[in-house]
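Welcome, and thanks for taking a look at this one. Below is a short briefing to read alongside the sequence and the model.

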Amino acid sequence: MTAPDLPLTRVSGTLHALQVPIPYPMKTVTVLIDTGGPLTLIDTALDTPEARAAIENGLAALGLHWPDVERVIITHHHPDHYGLAGVVEERSGATVQMLDVEIGRGERYWHLWEEWLPGHTKHMQDHGLPRELLETLEAESRRTRARVQPANRVQPLREGQMLPLAGAQWEVLWLPGHADGHLGLWNEEESLLIAGDAILPRISPNVGLYAYTRPDPLGDYLQTLGKLEALNPARAVVGHHGPVMEGVQARARQLRDHHHERLDFIRAEAARQPRTAYDLSLAMFPRDLNTAGRRFALAETLAHAEHLHLLGQLARTWQNETWVYHD
């Protein structure tokens, strides 16, 4: 049914995982296609010609086309997962669904992007991002925004809700941290989790504090890791470096230990010398990074520093028009 070189994998029954190319270091993102009815896509990749072609080919390999799609479920609002949602909605009339928490924050971000850009820039500036990196922020942000076609009508899903998918009932999970309203889907009978980017096998999902996010994304993520550890799925479908991984419980423990090591590092560095989150990010991520990577590093470092601040383990003081963390 499928061409030998088509990156389409049967996950379970009528559920298939398609590896769609994205112009990011992860190379591909997982888009799920369920032919069991209603015909469903889970995540949609970024709006690029390559991604559109890959999804068209994946659908065609299953004897389908864009108009056949009846439902789109989005794990989270990041562009490589949400970018084509509006295109699918327009071409097929499909219902687009996201977790209610994500609609109110992340999905809203794409509609209010122009209004929120100055606040996003100021947030980065307040935490020490240098002028030369600030100057490229707007242009790169606009390039990303052009690759996201948000849906016009998004219907909310709620934690604990049950959904029909692949001939079974799946529970909607809230797995915040990587995104405020990150959604997971859990099939208890098969011990199968659709995890998106809540857990990844080869890299740590970016957990960053941005101008529009919840105040403690790292605290959220540590709770999510505890939830995944307790759930202990036999298999998880992941957004990158998959499509399927095993050993979720052990990986959750590994990621929790990784973040606690980073918290210890930030605490020690800030105690040694008061610094902005950007300066702390240079210590935590000393390797060469491009401008986008350096901003991700700042957001991730800031999530760790602010977690410590909220726990009362680091102080934060406004000095010389930036926030400085110290003991």
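In this protein, the mean positions of the 30 positive and 42 negative charges lie 3 Å apart. Here Lys and Arg count as positive and Asp and Glu as negative, while His and the chain ends are not counted; each charge is placed at NZ of Lys, CZ of Arg, CG of Asp or CD of Glu. Please keep in mind that this is a predicted model, in which local features need pLDDT of at least 70, side-chain atom pairs count only at pLDDT 80 or more, and totals for chains, interfaces and linings use all residues. Residues are numbered from 1 along each chain as its sequence is written, and side-chain values use heavy atoms, with hydrogens and water left out.

**Overall build**

- The protein has ten helices and 15 strands, where helices (H or I, at least four residues) and strands (E, at least two) are DSSP runs numbered from the N terminus.
- Its radius of gyration is 20 Å, close to the 20 Å that the globule rule gives for 327 residues, so the protein is as compact as a globular protein of that length. The radius is taken over C-alpha atoms, and the rule is 2.2 Å times the number of residues to the power 0.38.
- Along the principal axes, the C-alpha atoms fill a box of roughly 60 × 40 × 35 Å.
- Among contacts (heavy atoms within 4.5 Å) with a separation of 6 or more, 64% join residues 24 or more positions apart.

**Surface and interior**

- The accessible surface comes to about 13900 Å², and 49% of it belongs to carbon and sulfur atoms. Areas come from the Shrake-Rupley method with a 1.4 Å probe, and for residues only the protein chains shown count as cover.
- Of the 327 residues, 56% are buried; buried means under 20% relative accessible area, exposed over 50%, and partly exposed in between (1.4 Å probe, protein chains only).
- The largest nonpolar core holds 84 residues, of which V20, I55, Y82 and I199 touch the most other members. Such a core is a set of buried Ala, Val, Leu, Ile, Met, Phe, Trp, Tyr and Cys residues joined through side-chain atoms within 4.5 Å.
- Helix α10 (residues 291-310) gives the most to this core, with seven residues.
- In soluble globular proteins, nonpolar side chains tend to be buried together.

**Backbone details worth a look**

- The G37 to P38 peptide bond is cis, with omega near -5°, and P38 sits in the loop between β3 (28-34) and β4 (40-42).
- A cis peptide bond also runs from G242 to P243, with omega near 15°; P243 belongs to the loop between β12 (235-238) and β13 (244-245).
- K27, a residue other than glycine, has a positive phi near 75°. K27 is in the loop between β2 (15-21) and β3, and counts as exposed because its relative accessibility is 58%.
- N232 likewise has a positive phi, near 50°, without being glycine. Found in the loop between α7 (217-231) and β12, N232 has 37% relative accessibility and so counts as partly exposed.

- L222 is part of helix α7 and counts as buried because its relative accessibility is 15%.
- Which residues does L222 contact, leaving aside its neighbours within four places in sequence? They are R256, H259, H260 and H307.
- L222 and A252 are 30 residues apart in sequence, with their C-alpha atoms 9.2 Å apart in space.
- E132 lies in helix α6 (residues 131-145) and, at 52% relative accessibility, counts as exposed.
- Between E132 and T291 the sequence separation is 159 residues, and the C-alpha to C-alpha distance is 9.2 Å.
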